[in-house]
Amino acid sequence: MNAGFITRDDISRAYGVIAPYLRRTPVAQVDLGDLGGVGGAVTLKLEQLQCAGSFKARGAFTNLLLRDVPAAGVVAASGGNHGVAVAYAAHRLGVPAKVFVPTVSSPAKIQRIKDLGAELAVGGDRYADAYEASQEWAASSGAMTVHAYDQRETIIGQGTLALELAGQTDDLDTVLVPVGGGGLIAGTASYFAGDVRVIGVEPDGAPTLTYARAKGEPVDAPAGSIAADALAPRQVGQLVFPITQDHVDDVVLVTDDAMRGAQRALWQGLRIAAELAAVVGIAALLSGAYVPASGEHIAVVISGANMTPSQLDT
């Protein structure tokens, strides 16, 4: 089987294994008018309430529970959230873990990794630098690499979010999904597989999937966004890309200012605390980057909240 081909059954089977370690995060029906936008109901999938503070826990547990973990444990490279998730899953399962993060990672995420007991290495300017260092460690130590997005088990695990969402909503037309390396959107697209429109949302300063779609293959993209610690790998994943070609309907871009505004609107209007990378879907709706059709039932993934309270404008 093509390693990139993932079915709804693959995702359902994995969910049966990892569900005891996760939260079934809630959904909330909200009106965009409450956020200062043009009125219209949307469904929020509140994944910032997930264990370890983001959807990344799904992929982390899927890797650790469905693969054979060696005695040396696991190693991960991360902008932050994946590292927190791997550290959390390793802590829960009693597995040694080492996490490599770049200097751009937020202090809040770095501290959470430390608090969870993983060995931490900080260095390099971008995710790609941390990944290279993690691969050197894997080769020398024998630890198993848990890739942040371009690993079959990671994509399958992230797809369990879509499985939950499908069971929590009726007559869903479209879901707006944050895109970094692409694990979440690939898992979501694999689950819905054309039954629901899947729209990716990226910062315009980190357009990894947009560049890949324009070129027909993963290519290097800029990484200048304020969400660079979460949504700015160098390229979208090699396994991710063909899945998105088959099942992602479109990708839209949002500005840093739109992300700041969406984060502030969620907090001030609904008291939902979310990190900047997590609010790109709301940013797309409030800024007009995505304009819903009349009567379109939209779900928006709020993907994480690993930050400090000082980052919210109260």
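**Sheets, helices and cores**

Colleague: Which residue stands opposite Leu-46 in E10?

Modeller: Heads-up, this is a predicted model: local features need pLDDT of at least 70, side-chain atom pairs count only at 80 or more, and totals for chains, interfaces and linings use all residues. Residues are numbered from 1 along each chain as its sequence is written, and side-chain values use heavy atoms, leaving out hydrogens and water. Strand E2 (residues 41-46) runs parallel to E10 over four bridges; strands here are DSSP E runs of at least two residues, helices H or I runs of at least four, numbered from the N terminus, and pairing takes at least two DSSP bridges. In E10, Leu-46 faces Ile-302.

Colleague: Which strands stand at the edges of the six-strand sheet?

Modeller: That open sheet is ordered E1-E2-E10-E7-E8-E9, with mixed pairing. Two of its strands have a single partner each, so one side of each is left without a neighbour in the sheet. Those are strand E1 (27-31) and strand E9 (250-254).

Colleague: And the four-strand sheet, which residue does Val-101 stand opposite in E5?

Modeller: The order there is E5-E4-E3-E6, open and with parallel pairing. Strand E4 (residues 97-101) and E5 share four bridges. Val-101 sits across from Val-122.

Colleague: At what angle do H3 and H4 pack?

Modeller: Helix H3 (residues 81-93) lies across strand E3 (74-77) and E4, while helix H4 (residues 107-115) lies across E4 and E5. In H3, Asn-81, Gly-83, Val-84 and Ala-87 meet Lys-109, Arg-112 and Ile-113 in H4, contact being heavy atoms within 4.5 Å. Axes are lines fitted to C-alpha atoms, for helices over the stretch in contact, with angles from 0 to 180 degrees between N-to-C directions. The H3 and H4 axes are 9 Å apart, at about 15°.

Colleague: Then how does H3 count relative to H4, roughly parallel or roughly antiparallel?

Modeller: Under 35 degrees is roughly parallel, over 145 roughly antiparallel, 65 to 115 roughly perpendicular, the rest oblique. That makes H3, relative to H4, roughly parallel.

Colleague: Which residues touch the most other members of the largest nonpolar core?

Modeller: A nonpolar core is a set of buried Ala, Val, Leu, Ile, Met, Phe, Trp, Tyr and Cys residues joined through side-chain atoms within 4.5 Å. Buried means under 20% relative accessible area, exposed over 50%, partly exposed in between (1.4 Å probe, protein chains only). Out of 33 residues, the ones touching the most other members are Val-175, Val-177, Ile-185, Phe-192, Val-198 and Leu-209.
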